[in-house]
Amino acid sequence: MLFGMQTSEERTGFMKIFVNIIGLVILLCMTGCADTAVSNSQNEADVPLWDESEHLTSGETVSESAEGSQVPSALIPAVMIDGVTYYLSQGYPIPDEEITLDQVDYTESEVSLGKFPEKDKESNYAPAGTPYVKYGKGYALKMEESGWTLFLVWEERLKGE
């Protein structure tokens with residue numbers, strides 16, 4: 001029968017079914033969204049953020065440097081050289097002809113990007129054996145794919161962006 005030709009009991013039954021279906025659809029949507037949010041938060045938890053108690057250099061904490069500047073709360077590529085942590089600059093690769101190789105040195109160890117370097121010549125970005133040289137106010141690391149890449153102390157990195 002057509003909707004207009006149904007008895008009031010049939011319309012009431014139809015409305016109950018319709019309301020139940022709508023409720024079920026809403027419930028499924030909410031459950032699906034909740035599952036997505038849970039899985040996203042679990043994925044984010046797989047890459048830990050810096051521990052506020054860890055130190056960049058002697059006397060500097062991760063959340064605030066000795067000068068009072070804020071440093072990143074999420075990990076970015078970094079290398080520690082002579083007790084100072086240098087961060088990947090957002091600049092362009094450095095041409096080979098600008099690099100002088102008379103003072104070349106090499107990284108000695110690597111930690112995952114989920115951690116930051118804790119000892120000299122350690123990087124969370126470059127594998128052990130990666131060459132680096134002093135370049136301006138930072139260091140240039142030679143990456144296979146991208147060439148020489150500039151790393152700066154946090155405050156200098158911010159000035160360059």
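Let's start with β6 and β7. They run antiparallel, and four bridges join them. This is a predicted model, so keep that in mind throughout. The two strands form a hairpin, with two residues between them. Look at Gly-136 in that turn: its phi is positive, about 60 degrees.

Val-133 has Ala-140 in β7 as its bridge partner.

What else does β6 pair with? Strand β3, residues 105-106, pairs with β6, residues 131-135. The sense is antiparallel, over two bridges. Tyr-106 sits opposite Pro-131 in β6.

On to the inside. Which residues make up the largest nonpolar core? There are 10 of them: Val-79, Ile-81, Tyr-86, Leu-88, Ala-126, Tyr-132, Tyr-139, Leu-141, Met-143 and Phe-151. Three strands, β1 (78-81), β2 (84-88) and β7 (138-143), each give at least two residues to this core. β7 supplies the largest share, three residues.

As a general point, nonpolar side chains in soluble globular proteins tend to be buried together.

Last stop, Tyr-132, a member of the largest core. What does Tyr-132 touch, leaving aside neighbours within four places in sequence? Its contacts include a run through Gln-103, Val-104, Asp-105, Tyr-106 and Thr-107. Tyr-139, Ala-140 and Leu-141 are also in contact with Tyr-132. Ile-81, Lys-121 and Trp-148 complete the list.

Terms used
Residues numbered from 1 in each chain as written. Predicted model: local features only at pLDDT ≥ 70, side-chain atom pairs only at ≥ 80, totals over all residues. Heavy atoms only, no water. Core = buried A, V, L, I, M, F, W, Y, C linked by side-chain atoms within 4.5 Å. Buried < 20%, exposed > 50% of the residue type's maximum accessible area, 1.4 Å probe, protein only. Contact = heavy atoms within 4.5 Å. Pairing = 2+ DSSP bridges.
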